[in-house]
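Visitor: I would like a close look at a single part of this model. Please keep it brisk.

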Amino acid sequence: MVVDVLSWILLLTGGTFSVIGGIGLMRMPGFYSRVHASGITDTLGAGSILLGLMLQAGLTTVTIKLVFILAFLFITSPTSAHALVNGAMTNGLKPKTQVQEGEE
Amino acid sequence: MMFAIAMVAVLVTMGLALIRAWRGPTVYDRILALNSFGTVTVLFIAVLGFLNGRPDFLDLALLYALINFIGTFMILRYFLFGNYEEQGVD
Amino acid sequence: MNPIILIVILAFLAGTAITIARVRGVFVAAMLTGIYSLLSASWMLALDAPDVAFTEAAVGAGISTVLMLSALALTTNREKRPDRIAVIPLMVVLMTGSVLIYVTLDMPLMGDPNAPAQVHIAPEYIDGAHDYHIPNIVTMVLGSYRGYDTMGETAVVFTAGLGVIMILGGARRVMSWQERQQKRREEGELVLEEVYPLPDADEVDPEGEVHPIDDDGGGAT
Amino acid sequence: MSHLLIPRVITKILLPFIMLYALYVQFHGDYSPGGGFQAGVIFAAAIILYAMIFKVVEAERVIKPGVARALMAVGLLIYLGVGFLTMFLGGNFLDYDVLTHDPSHSQHYGLLAIEFGVGVAVAAVMITIFYSFVDPLRD
């Protein structure tokens, strides 16, 4: 019962933060702020949802696989984001400091 | 029920990331959306398994995470760290 | 829930396909093809075909995107804008599509227990896999019942590799880059060091971390 | 300093796990989704990742182009060899039942052997194609 409530909370939190990250990815102006938004999906959203699923699975192989997936995501997605921002910066994409009219 | 709600959230996020990938405007946005989309797809597979009551196919989620990483780096390597002149807005 | 998921994913697929057709940057198109593969793999998983989804994710989203990008690096980055709308190909595509849709109307519904495949051959596969204690029937069918087909597929993959070697790599490419460089230096033919300074053996960083060659694009370019 | 420092460190950490995962997919194919084809592709992807994040030259030191070419044929020959072995033992071509006394074990061994052949062939072909594609760029 406690486990169910906990996993409800975690899944709801994860879902909410995923959608928030998605909306940020959609609505934020400029590339660098979008990176920030996608980070929410990659860390808090994914982490909470996977934790909630782990609680539902109990101590089985499924949980071990979920732990692996979580570890993998936590290692790879910041690396990708870092490399992406690094590449964009090196290639001279300027951060957007003001919202200009007529752009999104 | 909780899995259904999580699934809806995941699908909505997938859609939002995809719209960013479709619209651009710069290449970097598309790569970012691809990366984010990959993460959400991993979540999609995990939640789908639980939703159908058969969480046996999580190997696939691991594979997706892996492929997403490799794919993102491949694109970055060719696109950003390569010697291509036409970067930026496409 | 499952039909809704399928419909949503199919909508995503359609949007991605339209975007692929519209963008002009070839790299972007290759990248979107990767997204398309990932989506179709998810769709196959939702249809309960994990083996196919596995293959699609590994091959479609992984290797073929990589090889496509490597191949594109050999050509230009831009697709040529067509002079006019090609009418005849459009007609052909539309006709083929409508014929295919028309044919699907005659096919059995998804999961129909009376479909020919279900009554005729599937029970035999299932019984065989049960008798031999092999849980994954797909592997069983691939390896045992269709062993000849799989052998043919392996031969096809092998032939594909041979074809690429024969088109792109002459005999000299069997040597690695360093060996070739060494040979050229011995022959006094060509010195690439001015472009890509080749470190001497004792100058190479033991960790292999930083080589001069890297900073202008490294191996990829 | 290279822009690829952090990716390199992370790749170094991850590569063993990717290869282990490829082996898992390879040899667990009887029980879960996967098999030789997918495992070969994952293994090749690991090598390609290494080649891209480090250098193609470094990857060529791990798996030489000539070796990759030879393995292409070796994979197919393993498959064919299993077929001829079963013929030699008195069965039909690729009839695994004759491999051991227990038909169930025979099936498992036969499937493992041919999947291994497929995996080797596919990995070698993918690596070879990759080498062929990137090679002209360097000269």
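Which helix of chain A gives the largest share of the nonpolar patch?

Guide: Helix α1 (residues 2-27) of chain A does, with seven residues. Bear in mind that the model is predicted. Leu55(A) sits in another element, helix α2 (residues 31-57) of chain A.

Chain B also takes part in a contact with chain D. There, 19 residues come from chain D and 13 residues from chain B. Together the two chains bury about 1,400 Å², and 81% of that is on carbon and sulfur atoms. On the chain D side, Tyr21(D), Leu49(D) and Met52(D) lose the most area to chain B. Those residues together account for 36% of what that side buries.

Chain D and chain B have zero salt bridges between them. Two residue pairs are in polar contact, both at pLDDT 80 or more. As for secondary structure, three helices of chain D, α1 (5-27), α2 (36-53) and α5 (103-138), each supply at least two residues of the side touching chain B. By class, that side of chain D holds 17 nonpolar and two polar residues. Charged residues are absent from it.

Notes:
Residues numbered from 1 in each chain as written. Chains lettered and ligands numbered in written order. Predicted model: local features only at pLDDT ≥ 70, side-chain atom pairs only at ≥ 80, totals over all residues. Heavy atoms only, no water. Contact = heavy atoms within 4.5 Å. Buried area = accessible area lost by both parts, 1.4 Å probe. Salt bridge = Lys/Arg side-chain N within 4 Å of Asp/Glu carboxyl O. Polar contact = N/O pair within 3.5 Å; in protein donor to acceptor, adjacent residues only side chain to side chain. Helix = DSSP H or I, 4+ residues; strand = E, 2+ residues; numbered from the N terminus. Nonpolar A, V, L, I, M, F, W, Y, C, P; charged D, E, K, R; others polar.
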